[in-house]
Amino acid sequence: MRLLASLSPMVRMRPAWAMNPSPVMVTRRLARHQAFDAGFDPEELAEARRWHKSFQPSTLPQGDTSFSRSSGPGGQHVNKTETKATTTWPISKLLAHLPNILHARLRDSKYYTRGSDSITIQAQTERSRSANQAENHQKLYDELTNLYAKTVPAESSPDKARKYEALKKKAQEVRLKEKKFLSFKKQSRRRSDY
């Protein structure tokens, strides 16, 4: 009784079947009998992996850079010069330089600006314009590398492919065995008129 008093009113009002679900109500989780990269198009994966091997910051488009006064420490230099670099890359320009598998993920970037449909990055840590502009390019390179790492799975080894093939075969055998058992069970229920 003390336990019921400590429970919230919502829990006490639940019917008994909601507190202890029957085995029929609990659904079985489906096993996955394939390597992670098996769900992707092999040609797109190959294209993305080739792109990643040859990907360098110099292969990115320049983007449109504007400069403004930066904030923070720096004294009179910060107040007089415009060294903060804001670089914008329209999505349409970046898509030409990326593999198809990354196109959908590009708009998930933390630097994505919906209003202009672009990637916008700012840097103001350095005292020179060119250094801040180079930092923007490096940030874009790092962001695209992170998107690649999140999207494209590592290549599955032949051992792993064999392992998943064996799991798939075993699951098929178990499924057929269960199917035969249920069939036999239903056959035994039939009335035989003799």
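**Entry 1: ground rules.** I note that this is a predicted model, in which local features need pLDDT of at least 70 and side-chain atom pairs count only at pLDDT 80 or more, while totals for chains, interfaces and linings use all residues. Residues are numbered from 1 along each chain as its sequence is written, and side-chain values use heavy atoms, with hydrogens and water left out.

**Entry 2: the whole chain.** I looked up the elements and found 8 helices and 4 strands, where helices (H or I, at least four residues) and strands (E, at least two) are DSSP runs numbered from the N terminus. Their order from the N terminus is α-α-α-α-β-α-β-α-β-β-α-α. Of the 194 residues, 22% are buried; buried means under 20% relative accessible area, exposed means over 50%, and partly exposed lies in between (1.4 Å probe, protein chains only).

**Entry 3: the strands.** I asked myself how many bridges join S2 to S4. There are 6, and the two strands run antiparallel; S1 and S2 also pair in the antiparallel sense, over 5 bridges, and strands count as paired if DSSP finds at least two bridges between them.

**Entry 4: Thr-88.** I then picked Thr-88, which has its place in strand S2, and wondered whether it counts as buried or partly exposed. Its relative accessibility is 23%, so Thr-88 counts as partly exposed. Thr-88 is the bridge partner of Asp-64, and it stands opposite Thr-120 in S4. Leaving out residues up to four places away in sequence, Thr-88 touches Gly-63, Asp-64, Ser-118, Ile-119 and Thr-120, where contact means heavy atoms within 4.5 Å. I also noted that the C-alpha atoms of Thr-88 and Ile-121 are separated by 6.6 Å, although these residues are 33 residues apart along the chain.

**Entry 5: the core.** The largest nonpolar core has 20 residues, and those with the most contacts inside it are Leu-106, Ile-119, Leu-140 and Leu-144. Such a core is a set of buried Ala, Val, Leu, Ile, Met, Phe, Trp, Tyr and Cys residues joined through side-chain atoms within 4.5 Å. H4, helix H6 (91-95), S4 and H7 each give two or more residues to this core, and the largest share, 5 residues, comes from H7. I followed Ile-119 and found that, beyond four places in sequence, its contacts include Thr-88, Leu-106 and Leu-140.

**Entry 6: the rings.** I found 3 aromatic pairs in the structure; rings of Phe, Tyr and Trp (its six-membered ring) pair if their centres lie within 6.5 Å, and planes under 30 degrees apart count as stacked, over 60 as edge-to-face and the rest as tilted. The ring centres of Phe-55 and Tyr-141 are 4.8 Å apart and their planes stand at 25 degrees, so this pair is stacked. Phe-55 lies in the loop between helix H4 (42-54) and strand S1 (64-68), whereas Tyr-141 lies in helix H7 (residues 129-151), so the pair ties together parts that are 86 residues apart in sequence.
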